[in-house]
Amino acid sequence: MPANFSGKWILETSDKFEDLSILALDIDFATRKIAISLSQTKVVSQDGDKFDFKTLSTFRNYELAFTVGVEFDECTKGLDNRNIKCLVTWEGDKLVCTQKGEKANRGWKHWIEGGKLYLELTCENVVCVQVFKRKE
Ligand code: YOG
């Protein structure tokens with residue numbers, strides 16, 4: 001039985017986020033400095049295999065809706081502004097997205113562990129891990 005990610009989650013720790021944004025995603029210096037200082041909130045709505053992820057901050061917001069097992073096109077507008085082809089699948093209780101495009105080895109994984117929401121963002125040889133706690 002797949003995990004339930006629904007709810008509001010607030011960023012607690014973010015490891016290698018700057019490496020991901022500069023080394024891998026080519027985000028400019030000024031934007032990167034703002035990005036690393038942001039408090040991020042994930043608002044997740046899950047209805048079976050249908051998901052809506054909102055990543056909210058005082059600087060920018062990002063929304064992604066998808067169905068597990070159905071390939072879709074994503075434009076990462078306001079992030080690194082690239083077009084990618086994505087597929088999200090379940091690997092056990094992990095939600096795994098592969099993102100095909102200009103950047104190699106790109107994707108993310110979400111899972112819940114010890115009541116916290118984990119997000120592993122990968123691009124090329126960089127792996128960033130974010131941990132979110134439930135917001136009351
Ligand atoms: O999440 O795709 O939860 O979409 C990754 C940013 C920062 C802008 C955030 C704005 C990577 C400048 C979303 C931050 C760095 C930095 C708040 C990750 C790129 C640009 C929006 C993501 C998935 C999975 C759902």
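I will start with the cavity and then turn to the ligand. Keep in mind that this is a predicted model.

Searching the whole structure for cavities of 30 Å³ or more gives one. The largest cavity holds about 700 Å³ of space. It is lined by 33 residues, and those closest to its centre are F17, T55, Y62, L79 and L121. By type, the lining splits into 15 nonpolar, 13 polar and five charged residues. The elements that each supply at least two lining residues are α1, α2, β3, β4, β8 and β9.

Now, where is the ligand? It sits in that largest cavity. How many residues surround the ligand? There are 19, and the closest are I27, K42, Y62, L64 and H110. Two of these I want to pick out. The side chain of K42 has an N or O atom 2.7 Å from an oxygen atom of the ligand. For H110, a side-chain N or O atom is likewise 2.7 Å from a ligand oxygen.

Which elements give two or more residues to the shell around the ligand? They are α1, residues 17–24, α2, residues 29–37, β3, residues 50–56, β4, residues 62–67, β8, residues 106–113, and β9, residues 116–123. In the shell there are eleven nonpolar residues, six polar and two charged.

That is what I have on the site.

Key:
Residues are numbered from 1 along each chain as its sequence is written. This is a predicted model: local features need pLDDT of at least 70, side-chain atom pairs count only at pLDDT 80 or more; totals for chains, interfaces and linings use all residues. Side-chain values use heavy atoms; hydrogens and water are left out. A residue is near a molecule or strand if one of its heavy atoms lies within 4 Å of it. A polar contact is a pair of N or O atoms within 3.5 Å; within protein, one must be able to donate a hydrogen and the other to accept it, and residues adjacent in sequence count only if both atoms are side-chain atoms. On a 1 Å grid over the protein atoms alone, a cavity is a set of points where a 1.4 Å probe fits but cannot get out, and a pocket is an open set with protein on both sides within 12 Å along at least five of seven lines; lining residues have an atom within 4 Å of a point. A molecule sits in a cavity or pocket if more than half of its atoms lie within 2 Å of its grid points. Helices (H or I, at least four residues) and strands (E, at least two) are DSSP runs, numbered from the N terminus. Ala, Val, Leu, Ile, Met, Phe, Trp, Tyr, Cys and Pro count as nonpolar, Asp, Glu, Lys and Arg as charged, and the others, Gly among them, as polar. Grid points are joined across faces, edges and corners, and a volume is the space filled by probe spheres set on the points.
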